[in-house]
Amino acid sequence: MLPIAYQLEHKPVLVVGGGDVGTSRVERLLRVKADITLVCPDATPELEKLERDKKLTWIRRRMDIETDLQSQHWAMVLTAIDDRETSIEAAKRARELRIPVNAADIPEFCDFYFGSTIERGPLQVMVSTGGAAPRLARRIRMALENFIDELEVEGAITRVSKLRSQLRQKLSGQDRDTTKRRMALMSDVCDENSFAELAAFSDENIEEMIENMLLESDSPEPTPETTEHVTSPPDPEGPQPWHSLVREAIQCGNGPEPEVPPYPFKQAPRKS
Ligand SMILES: C[C@@]1(CC(=O)O)c2cc3[nH]c(cc4nc(cc5[nH]c(cc(n2)[C@H]1CCC(=O)O)[C@@](C)(CC(=O)O)[C@@H]5CCC(=O)O)C(CC(=O)O)=C4CCC(=O)O)c(CCC(=O)O)c3CC(=O)O
Ligand SMILES: NC(=O)C1=CN([C@@H]2O[C@H](COP(=O)(O)OP(=O)(O)OC[C@H]3O[C@@H](n4cnc5c(N)ncnc54)[C@H](O)[C@@H]3O)[C@@H](O)[C@H]2O)C=CC1
């Protein structure tokens, strides 16, 4: 199984089945702005409402494989029906057409699996056990959710994204040296501030930081130290709260929240 982030925006996806599983599939597809066609005779109130709000196209009948899967139109086909034979026939037909298919509950007819996902703004985390233990994937996801929320990850990502796009405007070259320099500067900021500190960057801080960063590293050639910093593995002696925290969070299950110690703060950006 190859974990990838797949762009489905505006791509046509066929969902067969409007029960709880079909509903959860549709909700996830809507969040990534896929263009959904639902085929089923009856559906949950949530799906009925989505159809009324014109968020999807609903064909109210049982699946007709010949009609519904006659061309390569679909980017993806998902079946979530309590009719195993139809599910398998649909998956076989989709595969003939080289359309990736997921037949809920029939792993051998899944070209990809749904994982247990965390979505926090631009951050997406997917937990997969490769089909071995979906309920445990869910539990691991819940532990990671607590952990991520404690760390103000979403705010940090949003602010770093702003800093990054402004830095790319100010230092816009696409040549190898400029790219390396940009990457080294970004790596320093990301590694040397806590998530809370990153999340607290104001627009003014960002502008000021970029000015300083450019002043402090105005050599077009990256120094050996900077280059090494970008490519070298993390220092095993350095502060690494992640592993123990994740382990703690998972072991805790539904127990009390683990305490998150402050991530050591160093001045950013580091002088090169
Ligand atoms: C292979 C896969 C194919 C796919 O569906 O893509 C698959 C297959 C099957 N699921 C089954 C059962 C359950 N699935 C869940 C829950 C989830 N299942 C999900 C994914 C996947 N399920 C894919 C692999 C994921 C991976 O491991 O990487 C999640 C993560 C995502 C989602 O579906 O959205 C979602 C949790 C989302 C969340 O809450 O975070 C629960 C628990 C619950 O509902 O609370 C149960 C009951 C407990 C149990 O059985 O473990 C059965 C047996 C049916 C039977 O016994 O007859 C099969 C078939 C089989 O294994 O043969
Ligand atoms: N992979 C997973 O995470 C899980 C998978 N499942 C499985 O997913 C499947 C669906 O589960 P639920 O949503 O709970 O089922 P459900 O019984 O609530 O809903 C089934 C839906 O499929 C429709 N349907 C049935 N036959 C059809 C056909 N031939 N063509 C078109 N639509 C048809 C029904 O009208 C209904 O909308 C089941 O096989 C279930 O065992 C269930 C739980 C978790």
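**View 1. The buried residues of helix H4.** Ser-87, Ala-90, Ala-91 and Ala-94 are the buried residues of H4 (buried: 20 or more other C-beta atoms lie within 10 Å of the residue's own; exposed: 12 or fewer; partly exposed: in between; C-beta atoms are placed from the backbone). They sit on the same side of H4 because they cover an arc of only 100 degrees around the axis, the arc being that of the directions from the helix axis to the C-beta atoms. On the other side of H4 you will find Glu-85 and Glu-96, which are exposed. Do keep in mind that this is a predicted model, in which local features need pLDDT of at least 70, side-chain atom pairs count only at pLDDT 80 or more, and totals for chains, interfaces and linings use all residues.

**View 2. What covers H4, and how far the helix reaches.** Among the elements covering its buried residues are E1, helix H3 (65-68), strand E4 (76-79) and strand E5 (101-103) (contact: C-beta atoms, placed from the backbone, within 7 Å; helices, H or I, at least four residues, and strands, E, at least two, are DSSP runs numbered from the N terminus). H4 spans residues 84-96 and reaches 18 Å from its first C-alpha to its last, close to the 18 Å expected (1.5 Å times one less than its number of residues). Arg-98, with a positive phi near 65 degrees, follows H4.

**View 3. The shell around ligand 2.** Here 22 residues surround the ligand, and the closest are Gly-17, Gly-18, Gly-19, Val-21 and Cys-40 (near: C-beta atom, placed from the backbone, within 6 Å). E2 gives the largest share of this shell, five residues. Residues are numbered from 1 along each chain as its sequence is written, while chains are lettered from A and ligands numbered from 1 in the order in which they are written.

Notes
Contact = placed C-beta atoms within 7 Å.
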